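Biologist: I should like to learn how to read a structural model. May we go through the features one at a time?

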Amino acid sequence: MIVVIIAVLAWFFVGYTNEKRSIAYGPWIDTVFMIGRMRELITPEYVASKIGPASPRDEVLLRTDWQFDDAMIKKIDMRRSIATPNKDSWGSLYYIICDFNNDGKVPNPELLSVPPKPGATQRELPVRIALFSAGADGDPATWEDNQPPGFVR
Ligand SMILES: [Ca+2]
């Protein structure tokens with residue numbers, strides 16, 4: 001997955017630097033970086049503390065509709081980004097799935113969109129958090145523009 005992200009980033013930078021250097025970030029790259037920061041810093045325990053005791057603890061796709069505390073926003077430190085910790089650059093909440101039962105795995109989000117990602121078969125991912133943006137079209141089932149565009153190589 002990391003290789004895919006690096007390849008996409010490299011492709012983006014090559015294409016981008018061939019155009020103009022006047023804009024530091026576009027919507028897409030802001031979302032890429034925001035997701036990267038959130039994946040580094042947010043844990044299932046953090047999410048559980050934010051969504052409250054009445055919220056479901058099942059390992060299902062949640063939306064990032066909780067209030068991030070100032071300390072976390074400061075840690076994420078992307079104040080000039082179009083994307084925020086709640087919403088991607090196109091104004092949509094992210095999708096997130098957390099390892100709440102602490103077994104080091106979450107269901108693969110590729111199989112949770114309706115319809116699932118074409119060709120996706122791997123049922124679980126060996127991670128504690130999977131987080132993605134539905135992309136410019138705001139539709140989680142169109143994986144081509146999602147960020148990341150998939151979780152399994
Ligand atoms: Ca999409």
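Biologist: Which residue in E2 is the bridge partner of Arg63?

Modeller: In general, strands of a sheet pair through backbone hydrogen bonds, either parallel or antiparallel. Here, the partner of Arg63 in E2 is Tyr95. Strands (E, at least two residues) and helices (H or I, at least four) are DSSP runs, numbered from the N terminus. Two strands pair if DSSP finds at least two bridges between them. E1 and E2, the latter covering residues 95–98, are joined in the antiparallel sense over 2 bridges.

Biologist: What kind of model is this, and how are its residues numbered?

Modeller: This is a predicted model, in which local features need pLDDT of at least 70, side-chain atom pairs count only at pLDDT 80 or more, and totals for chains, interfaces and linings use all residues. Residues are numbered from 1 along each chain as its sequence is written.

Biologist: What is the mean pLDDT of the protein?

Modeller: The term pLDDT denotes the predictor's confidence in each residue, from 0 to 100. The mean for this protein is 88, and 84% of its residues reach 70 or more. Among the elements, helix H1 (residues 2–17) has the lowest mean pLDDT, 61, whereas E5 has the highest, 98. Over residues 18–24 the pLDDT is below 50, and beyond near neighbours in sequence this stretch has 0 contacts in the model. Two residues are in contact if their C-beta atoms, placed from the backbone, lie within 7 Å.

Biologist: How many helices and strands does the protein have, and in which order do they run?

Modeller: There are 4 helices and 5 strands. From the N terminus on, the order is α-α-α-β-α-β-β-β-β.

Biologist: Which strands form the open sheet, and why do some of them stand at the edges?

Modeller: The open sheet has 3 strands in the order E1-E2-E5, with antiparallel pairing. Strand E1 (62–63) and strand E5 (129–132) are the edge strands because each has a single partner strand, so one side of each is left without a neighbour in the sheet. E2 and E5 are joined by 4 bridges and run antiparallel. Within that pairing, Cys98 stands opposite Ile129 in E5.

Biologist: Which way do the residues of E2 point, and are they buried or exposed?

Modeller: A residue is buried if 20 or more other C-beta atoms lie within 10 Å of its own, exposed if 12 or fewer, and partly exposed in between; C-beta atoms are placed from the backbone. Tyr95 and Ile97 point one way from E2, Ile96 and Cys98 point the other way, and all are buried. Not counting residues up to four places away in sequence, Ile96 touches Val47, Leu62, Thr64, Ile129 and Leu131. Across the protein, buried residues make up 26% of the 153 residues.

Biologist: How many residues has the largest nonpolar core, and which elements contribute two or more?

Modeller: A nonpolar core is a set of buried Ala, Val, Leu, Ile, Met, Phe, Trp, Tyr and Cys residues joined through C-beta atoms within 7 Å. The largest one here has 22 residues, and those with the most contacts inside it are Met38, Ile96, Ala130 and Leu131. Helix H2 (27–41), E2 and E5 each give two or more residues to this core. H2 gives the most, with 6 residues.

Biologist: What are the buried residues of H2, and what is the span of this helix?

Modeller: An α-helix has 3.6 residues a turn, so residues three or four places apart point the same way. The buried residues of H2 are Trp28, Ile29, Thr31, Val32, Met34, Ile35 and Met38. The expected span of a helix is 1.5 Å times one less than its number of residues. For the 15 residues of H2 this should be 21 Å, and its end C-alpha atoms are 21 Å apart, which agrees.

Biologist: Where are the residues with a positive phi and the cis peptide bonds?

Modeller: Most residues other than glycine have a negative phi, and most peptide bonds are trans. Asp77, which is not a glycine, has a positive phi of about 50°; Asp77 lies in the loop between H4 and E2. Asp77 counts as exposed because it has 10 C-beta neighbours inside 10 Å. For Asn102, phi is near 60°, and this residue is placed in the loop between E2 and E3. The peptide bond from Val114 to Pro115 is cis, with omega near 0°. Another cis peptide bond joins Gln147 and Pro148, with omega about -5°.
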